[in-house]
Amino acid sequence: SVLIINNKVGQPLDDFVLQEMRFCERIALLSQQNYYAWKHRLLCLTRRIHSNTDLKTSSLHCVSYDPSCLPFLLAELEKSTQWIQLHLSDSSAYHYRRILLFLIEESASEDNCDWLAKEEEFMSELDSRYKNVGAQSRQVHLFALKNMINAFNR
């Protein structure tokens, strides 16, 4: 499966991206720490949130993406929550989740909740439930997430 950047096959973009994301999930299930499946999923995410812009000039961290993508991002966050609960040490999944949290934080209005605090609570819950299983992946995830947010707030 190949993600066609310009989607010239006539398939609606959302359907095409969702099909690719399901493909990524199947590949990740075959090799649960499959870096390339997660990178392709990230490419699909980029294509979905920048559907009206030229991908050659846009960046994933560009704040000028379609605001109607927030429900899609929240759904992806929920999927990543479910995945991480089953695959505690999948560092590629944590990286994907960090990107999602960053994008959600960017698009969330000021009256929305603090995503970093919720993420810390989720990681603490996993720590208490599973003790040392995947603990290093969670610690690296939180450290990188805090650094990303601190760098952004400067």
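These legends walk through several close-up views of a predicted model.

View 1. The chain has 154 residues, and 43% of them are buried. Take the contacts with a separation of 6 or more: 60% of them are between residues 24 or more positions apart. The exposed surface comes to about 8,800 Å², and carbon and sulfur atoms supply 53% of that area.

**View 2. Arg 41 and Glu 76 form a salt bridge.** As a reminder, side chains of opposite charge can pair when their charged atoms come close. The structure holds six salt bridges, and this view shows one of them, with 2.9 Å from N to O between the side chains of Arg 41 and Glu 76. Arg 41 belongs to helix H2 (residues 35–49) and Glu 76 to helix H3 (residues 70–86), so the bridge links distant parts of the chain, 35 residues apart. Are these two partners buried or exposed? Arg 41 and Glu 76 are both buried. Look for Lys 79 as well: salt bridges with shared partners join Arg 41, Glu 76 and Lys 79 into one network.

**View 3. Lys 146 and Glu 120 pair between H6 and H5.** Here the side chains of Lys 146 and Glu 120 meet in a salt bridge, at 3.1 Å from N to O. Lys 146 sits in helix H6 (residues 135–153) and Glu 120 in helix H5 (residues 115–130), so the pair ties together parts of the chain that are 26 residues apart in sequence. How accessible is each partner? Lys 146 has a relative accessible area of 34%, so it is partly exposed. Glu 120 is also partly exposed, with a value of 28%.

**View 4. Asp 127 and Arg 138 form another salt bridge.** The N to O distance between the side chains of Asp 127 and Arg 138 is 2.6 Å. Asp 127 lies in helix H5 and Arg 138 in helix H6, and the two are 11 residues apart. Which residue of this pair is buried, and which is partly exposed? Arg 138 has a relative accessible area of 1%, so it counts as buried. Asp 127 has 31% relative accessibility, so it counts as partly exposed.

View 5. Two packed helices are described by the angle between their axes and the distance between the axes. For H2 and helix H4 (residues 91–107), the axes come within 9 Å and cross at roughly 15°. Angles under 35 degrees count as roughly parallel, and therefore H2 is roughly parallel to H4. The crossing of H2 past H4 is right-handed. On the H2 side, the residues in contact are Tyr 35, Trp 38, Arg 41, Leu 42, Leu 45 and Ile 49. On the H4 side, they are Ser 92, Ala 93, His 95, Tyr 96, Ile 99, Leu 100 and Leu 103.

View 6. Ser 92 is found in helix H4. What does Ser 92 touch, leaving aside residues up to four places away in sequence? Its contacts are Tyr 35 and Trp 38. With 12% relative accessibility, Ser 92 counts as buried.

**View 7. Helices H4 and H5 run roughly antiparallel.** The axes of H4 and H5 come within 10 Å, and they cross at roughly 150°. Angles over 145 degrees count as roughly antiparallel, and therefore H4 is roughly antiparallel to H5. H4 makes this contact through Tyr 94, Arg 97, Leu 101, Ile 104 and Glu 105. From H5, the residues are Trp 115, Glu 119, Phe 122, Met 123 and Leu 126.

**View 8. Cys 44 is a buried residue of H2.** Cys 44 is found in helix H2. Its relative accessible area is 0%, so Cys 44 counts as buried. Find Phe 16 too: Cys 44 and Phe 16 are 28 residues apart along the chain, and 9.2 Å separates their C-alpha atoms.

**View 9. Ser 137 is a buried residue of H6.** Ser 137 lies in helix H6. At 17% relative accessibility, Ser 137 counts as buried, because buried means under 20%. Leaving out residues up to four places away in sequence, Ser 137 touches Leu 88, Ser 89, Ser 91 and Tyr 94.

Definitions and conventions. Residues are numbered from 1 along each chain as its sequence is written. This is a predicted model: local features need pLDDT of at least 70, side-chain atom pairs count only at pLDDT 80 or more; totals for chains, interfaces and linings use all residues. Side-chain values use heavy atoms; hydrogens and water are left out. Buried means under 20% relative accessible area, exposed over 50%, partly exposed in between (1.4 Å probe, protein chains only). Contact means heavy atoms within 4.5 Å. Accessible areas come from the Shrake-Rupley method with a 1.4 Å probe; for residues, only the protein chains shown count as cover. A salt bridge is a side-chain nitrogen of Lys or Arg within 4 Å of a carboxyl oxygen of Asp or Glu. Helices (H or I, at least four residues) and strands (E, at least two) are DSSP runs, numbered from the N terminus. Axes are lines fitted to C-alpha atoms, for helices over the stretch in contact, and angles run from 0 to 180 degrees between N-to-C directions. Angles under 35 degrees count as roughly parallel, over 145 as roughly antiparallel, 65 to 115 as roughly perpendicular and the rest as oblique. A crossing is left-handed if the near helix is turned anticlockwise from the far one by less than a right angle, and right-handed if clockwise.
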